[in-house]
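Okay, everyone, let's get the next one up on the screen.

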Amino acid sequence: MEPLVSVVTITYNHEPYIAKCIEGVLMQKVDFPMEFIIAEDCSTDGTRAICEEYAKRFPELIHLMTSDSNIGYNPNELRAMKAARGKYIAYCEGDDYWTDPEKLQKQVNFLESHPDYSVCFHRCRHLNVGNDTFFDDLCGPLFNADDDDPVDVTLDMFFGKWITQPLTMVLRTECYDFSLYEKYRHFRDMHQIYHLLKAGKVCIFPFDGGVRTVHDGGLASKLSEPEQCNNGVEIAEELYRANKDIPTKR
């Protein structure tokens, strides 16, 4: 049976985190067929062994992709996304995890009944591993306290304040442009989400469905603070040069 949803996880040197990520997918309560694609990029720690153990335990669900050498973040992500067979793709990097067992069902139900939406998100928390503290995603003001309905996301909202993280995404596969990996030198989730905003309507749910982990082994944390700032400027400038409709004033 073809999956309705493909869950995609990319992972590299996530030994302390990958089991929790995988467990967050396995606990999902859904009434549709799904597949779980894990793309492991030749880690130098125990990440691959953990992934292989789960793949052996759940062979009908988990498709493990491996590398003989490290191919890098974007090529690893691209091969996993291209392998997805589902009508929808849910995304969770190997150092993040889901906490709501009905997360996928809620988002897929919405997308099935709202074909004009290209992607939907939900709220999440952030965990600083260094001091073991959680901090808020600061999206509370977008919602009414007793309302479970999602709020539409506009370009102004997205660029005015970073309101989501990749681990919260469920996207419509037909709206995903695989050529973007070649179009941009610095392809990141900012580009991905921007083009999904252009492909259809977008919304964010008020429920808290997962945790983004902030740690020293993360992609951004490998850069110094000035390097992170410069990298962020380069990414934003490249996106603006290619797409002139991006808001420049807040």
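So, a polar atom of the Thr213 side chain lies 2.7 Å from the backbone oxygen of Asp95. That's a polar contact, meaning N or O atoms within 3.5 Å, one able to donate a hydrogen and the other to accept it, and for residues adjacent in sequence both must be side-chain atoms. Quick caveat: this is a predicted model, with local features needing pLDDT of at least 70 and side-chain atom pairs 80 or more, while totals for chains, interfaces and linings use all residues. Numbering runs from 1 along each chain as its sequence is written, and side-chain values use heavy atoms, with hydrogens and water left out.

Where does Thr213 sit? In strand 10, residues 201-214; strands are DSSP runs of E, at least two residues, numbered from the N terminus. Thr213 is buried, at 8% relative accessible area (buried is under 20%, with a 1.4 Å probe, protein chains only).

Now, the rings. We count 5 aromatic pairs, taking Phe, Tyr and Trp (its six-membered ring) with centres within 6.5 Å; under 30 degrees between planes is stacked, over 60 edge-to-face, the rest tilted. Phe110 and Tyr117 are edge-to-face, because their planes are at 75°, with centres 4.9 Å apart. Both of those residues, Phe110 and Tyr117, are buried. Tyr176 and Tyr181 make a tilted pair, 6.4 Å between centres and 50° between planes, and Tyr176 and Tyr181 are buried too.

Definitions and conventions:
Helices (H or I, at least four residues) and strands (E, at least two) are DSSP runs, numbered from the N terminus. Buried means under 20% relative accessible area, exposed over 50%, partly exposed in between (1.4 Å probe, protein chains only).
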